[in-house]
Amino acid sequence: MAIRNDVNRQWVLKSRPPGPIQADTFEWREMPVPSVGAGEFLVRNLWLSFDPAQRAWLNDIKSYIAPVAIGEPMRAAAVGQVIESNHPDYRTGQLVQGVFGWQDYVVSKGGGAFPVAKIPPGVPPNMALSILGLTGLTAYFGMLEIGEPKPGQTVVVSSAAGATGSAAGQIAKIKGAANVIGIAGGKEKCAWLTREAHFDAAIDYKTDSIAKRLDELAPKGIDIYFDNVGGDTLYHCLDRLAFHGRIVVCGSISSGYGPTMGTGIPLTNYRSLLVNSARMEGFIVFNYAARYPEAVAQLAQWVKEGRIAYREDIAEGLEHAPETLKRLFIGANVGKQLMKVADPLLPVI
Ligand SMILES: NC(=O)c1ccc[n+]([C@@H]2O[C@H](COP(=O)([O-])OP(=O)(O)OC[C@H]3O[C@@H](n4cnc5c(N)ncnc54)[C@H](OP(=O)(O)O)[C@@H]3O)[C@@H](O)[C@H]2O)c1
């Protein structure tokens, strides 16, 4: 097959950055296309997902997952096509989803820490990584299982115009929240939230005072704060929690996800949890892996009914992977950050 004359382009981890990703963090390599052994199959990457957690996976510290090793291809969720197969469950031509990394080709056995899932026919590969992918699932489980929104409640979401935040706010709205407030960077993102994404109000944290706007928009306090950013936004929401309020600790991107775990601001007001009989709880979407099919079916239904709007920001070309990851940390992405690497080589079955 023609791919045997191809090369496997890869970005491997060269050095662990002390802060933001640097020019020498990753190294470009061109390797032979790997051969396929018994019980294995070869995947050719078509689409890559870009996730803030990828920066955290570069830190050699205790976390929910082992760090990417030096010299290893950068870890990334992806959709690819099975090109060769010696595995009874994976057929050539099938589209599959897994943690295939920043490279063109990967050999898999299908199971292990990151099982390979088949993309159901009719689901576009990009959608399988966006609203029906890990960010949609994170919003679904974080909001429903930890936030538990109730009719009439006030819900605040940060990084609200992003992939996870936009879905989280809309899920709260579907569940009857009366006042869903999004915090996002810039006029365009805020306008999209209230015009298309069913949010009741938006705060542009780049120009507005978050504290002042929260006092205006949530005068009776915040029932649920879905936290994607940490830092001073978390501080202001903690200060304004309602009785029995909940903080869903989804992410803390304002920390930059460097090797120290800090969020940039001491939470000297954590006593708000005590006086409001409130709860602050973290979660990792992987905790809910057994329930992904249920969530995907429900999210797809809500999208079809027009109850969840979502956006994708599509970069092209594997060579641009490091700079594409950086976009998440400067708010350059508009919706789910993806990369198209290639078109399918074989007819999709
Ligand atoms: N717990 C889990 O299992 C889980 C799973 C997936 C994702 N997450 C977390 O969910 C959050 C959102 O991830 P995503 O993949 O959906 O990304 P995203 O929200 O689509 O993109 C990241 C956004 O973060 C915002 N941002 C960047 N730096 C910031 C800063 N210093 N202060 C405030 N906002 C900043 C930017 O939006 P603006 O332009 O609005 O600033 C940027 O567009 C992240 O914290 C991520 O780690 C958690």
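## Close-up views of a predicted protein model

**Figure 1. The whole chain.** The protein chain folds into 10 helices and 15 strands. Keep in mind as you look around that this is a predicted model. Along its principal axes, the C-alpha trace spans about 65 × 45 × 35 Å. For 349 residues, a compact globule would have a radius of gyration near 20 Å, and the 21 Å of this chain agrees with that. Buried residues make up 45% of the 349 residues. Among the contacts with a separation of 6 or more, 67% join residues 24 or more positions apart.

Figure 2. Domain 1 takes in residues 2–130 + 311–340, while domain 2 takes in 134–289 + 296–303. Their centres, taken over C-alpha atoms, are 28 Å apart. How many residues of each domain are in contact with the other domain? The answer is 15 residues of domain 1 and 12 residues of domain 2. On the domain 1 side of this meeting place there are 8 nonpolar, 5 polar and 2 charged residues.

**Figure 3. The surroundings of the ligand.** Here you can look for the 30 residues that surround the ligand, the closest being Gly162, Thr164, Gly185, Gly251 and Gly331. H3 and H4 are the elements that give two or more residues to this shell. By class, the shell divides into 14 nonpolar, 13 polar and 3 charged residues.

Figure 4. You can follow the buried ones from Leu134, Thr135, Gly136, Leu137 and Thr138 through Ala139, Tyr140, Phe141, Gly142 and Met143, and then pick up Gly147. Which elements do these buried residues pack against? The helices are H4 (163–174) and H9 (292–304), and the strands are S4 (77–85), S11 (222–227), S12 (241–249) and S15 (336–340). Just after H3, look for glutamate 148, which takes a positive phi of about 50°.

**Figure 5. Helix H5 and its two sides.** In helix H5 (residues 187–195), the buried residues are Lys189, Cys190, Trp192 and Leu193. They cover an arc of only 160° around the axis, which means that they sit on the same side of H5. Strand S9 (179–184) and strand S10 (201–204) are among the parts that cover these buried residues.

**Figure 6. Two serines with a positive phi.** Serine 159 has a positive phi of about 45° although it is not a glycine. You will find serine 159 in the loop between strand S8 (154–158) and H4. Serine 277 also belongs here, with a positive phi near 45° in a residue other than glycine. Serine 277 is in the loop between helix H8 (272–275) and strand S13 (279–282). Is each of these serines buried or exposed? Serine 159 is buried, because 28 other C-beta atoms lie within 10 Å and 20 or more are enough to count as buried. Serine 277 counts as exposed, because it has 10 C-beta neighbours inside 10 Å and the limit for exposed is 12 or fewer.

How values were computed. Residues are numbered from 1 along each chain as its sequence is written. This is a predicted model: local features need pLDDT of at least 70, side-chain atom pairs count only at pLDDT 80 or more; totals for chains, interfaces and linings use all residues. Helices (H or I, at least four residues) and strands (E, at least two) are DSSP runs, numbered from the N terminus. Two residues are in contact if their C-beta atoms, placed from the backbone, lie within 7 Å. The radius of gyration is taken over C-alpha atoms; the globule rule is 2.2 Å times the number of residues to the power 0.38. Domain bounds come from an automatic or database domain assignment. Ala, Val, Leu, Ile, Met, Phe, Trp, Tyr, Cys and Pro count as nonpolar, Asp, Glu, Lys and Arg as charged, and the others, Gly among them, as polar. A residue is near a molecule or strand if its C-beta atom, placed from the backbone, lies within 6 Å of it. The arc is that of the directions from the helix axis to the C-beta atoms.
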